[in-house]
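Colleague: Could you walk me through the charged features of this model? I'd like to learn how to read each one as we go.

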Amino acid sequence: MTYTIARYPVHLIDFVSAANGRRVTIRPMLPQDFRLQREFFRSLSVGARYGRFLTSFNDLPDAIAERGKIDYSRHLALLAEVFEGNSETMVGEARYVIDEDDAATCEFAIAVADDWQGCGIGRALLAKLEREAAASGIRRMLADTLHDNKAMRRLAARRGYAVKANHDDARLVKLEKQLSAWTANVQHLAA
């Protein structure tokens, strides 16, 4: 499999201090991160996997791991990782994919390792996604999450998302936020 990366977005590389005192690197995902992604998926609890994919998997299917080759414009994927010695461990992932019918809308998803939830990783990943989406001309971010996923609903509400009932599936709620170029500039200055 050959990947062509037009321009790796180095401006998205960041370092954050997690609430547990650890230093976390956030960076755009690369094709060679497939192994890290699989290990991350395996480390998630059954509930966390279901919350992220809204279905049950025992292992991350290749079709999902390789879905929609990341091109950093229509499909952006970020990972959060920590380093111990010479080993890296992925502790979070966030991505958006622009809607094929509406270039001003994207759907996003976030997953954070169970042991890292509540440490600010999800908040940092979502803020970075929003900033890059707004700077890229995206004006609306959407996601579905489980009604029972209180952590995601709380994070979304704190970040200004409307949390609405999903009339197609009572298990889910819809998250929606309007973005603007002004939002991208303000968030960039605040970061």
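Modeller: Happy to, starting with burial: a residue is buried under 20% relative accessible area, exposed over 50%, and partly exposed in between, using a 1.4 Å probe and protein chains only. The areas themselves come from the Shrake-Rupley method, and for residues only the protein chains shown count as cover. Keep in mind that this is a predicted model, where local features need pLDDT of at least 70, side-chain atom pairs count only at pLDDT 80 or more, and totals for chains, interfaces and linings use all residues. Residues are numbered from 1 along each chain as its sequence is written, and side-chain values use heavy atoms, with hydrogens and water left out.

Colleague: Is Lys128 buried or exposed, then?

Modeller: Lys128 has a relative accessible area of 6%, so this residue is buried.

Colleague: Which residue forms a salt bridge with Lys128?

Modeller: In general, a salt bridge is a side-chain nitrogen of Lys or Arg within 4 Å of a carboxyl oxygen of Asp or Glu. Here the partner of Lys128 is Asp14, with 3.6 Å between the closest N and O atoms. The two sit 114 residues apart, Asp14 in strand β1 (residues 14–17) and Lys128 in helix α4 (residues 121–135), so distant parts of the chain are linked. Helices (H or I, at least four residues) and strands (E, at least two) are DSSP runs, numbered from the N terminus. Asp14 is partly exposed, because its relative accessible area is 25%.

Colleague: How many salt bridges does the structure hold?

Modeller: There are 13 salt bridges. One of them joins the side chains of Glu81 and Arg27 at 2.7 Å, N to O. This pair also links distant parts of the chain, 54 residues apart: Glu81 belongs to strand β3 (residues 75–84) and Arg27 to strand β2 (residues 23–28). Both Glu81 and Arg27 are buried.

Another salt bridge, 3.4 Å from N to O, brings Lys164 and Glu176 together. Lys164 is in strand β7 (residues 162–165) and Glu176 in strand β8 (residues 172–178), so parts twelve residues apart in sequence are tied together. Lys164 counts as partly exposed at 42% relative accessibility, while Glu176 counts as buried at 19%.

Colleague: Which residues do salt bridges with shared partners join into one network?

Modeller: Arg27, Asp33, Glu81 and Glu88 make up that network.

Colleague: And what forms the positive surface patch?

Modeller: Patches take residues with over 30% relative accessible area and no salt bridge, joining like charges within 9 Å and nonpolar side chains (Val, Leu, Ile, Met, Phe, Trp, Tyr) within 5 Å. Lys and Arg count as positive and Asp and Glu as negative, with His and the chain ends not counted. Each charge is placed at NZ of Lys, CZ of Arg, CG of Asp or CD of Glu. In this model, Arg123, Lys150, Arg154 and Arg158 form a positive patch. Helix α5 (residues 150–158) gives the largest share, three residues. Lys150 is in helix α5 and is exposed, with a relative accessible area of 59%.

Colleague: Which residues form the negative surface patch?

Modeller: Asp99, Glu100, Asp101, Asp102 and Glu107 do. Asp99 lies in strand β4 (residues 87–99) and is partly exposed, at 33% relative accessible area.

Terms used
Accessible areas come from the Shrake-Rupley method with a 1.4 Å probe; for residues, only the protein chains shown count as cover.
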